[in-house]
Amino acid sequence: MITVFLGGEGPTELGRYARAAAFRNAEDVGVLEALVRGARPGAEVSGGLLWKDIRHYKAGGKRSREQRLVLGLCLRAKESGAAAVVFARDRDGDTDRERAIANAMVQARSMWPTLKIVGGLPVEKIESWMIALCAHEPADHLTEPKDRAKELGVRREAAGTQIEA
């Protein structure tokens, strides 16, 4: 069994891990946990962190904000005893963010070689990923993926169930 730590921007990605521990519901599964379960049956999600709550990694040379956040998330995952970290960060049209995160993942893999790191930037919205996974059609070209998701009946609330199916 592998333990996984999650990072994301909100409840769509993180499910219950976007809420304080006292308000978590085990049935509230986010997209990332559903993807982990589908890819690695038996994997255990040990925790998660909202992007806004990640402590910036400050050691070492000059890094961008996004690089410090990715490294901070990886450090938190390692400290929690997780064997892997899975995260999603909205690109929001920022190609610099995309490059910074790719560079940070390379750095993190060299800093923590035993930690498995899986990260991605939904282009442009998480709904694009949900469409691709649930409706089995390409969605990277969509300018309004929320509209297409609604047309297909792909809902955020049911993403975990639909992805596992």
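Here are legends for a few close-up views of this predicted model. Local features need pLDDT of at least 70 and side-chain atom pairs count only at pLDDT 80 or more, while totals for chains, interfaces and linings use all residues. Residues are numbered from 1 along each chain as its sequence is written, and side-chain values use heavy atoms, with hydrogens and water left out.

View 1. Four strands form an open sheet in the order 2-1-3-4, with parallel pairing. Strand 2 (44-50) and strand 4 (116-120) are the edge strands, each pairing on one side only. On average, neighbouring strands are turned by 15 degrees against each other, direction ignored. Strands here are DSSP runs of E with at least two residues, and helices are runs of H or I with at least four, numbered from the N terminus; two strands pair if DSSP finds at least two bridges between them.

**View 2. Strand 1 beside strand 3.** Strand 1 (residues 3-8) and strand 3 (residues 84-88) run parallel, joined by 4 bridges. Look for V4, which stands opposite A84 in strand 3.

View 3. E66 belongs to helix 3 (residues 65-79). Setting aside neighbours within four places in sequence, E66 is in contact (heavy atoms within 4.5 Å) with W51, R89, R97, A100 and I101.

Conventions. Axes fitted to C-alpha atoms, helices over the stretch in contact; angles between N-to-C directions.
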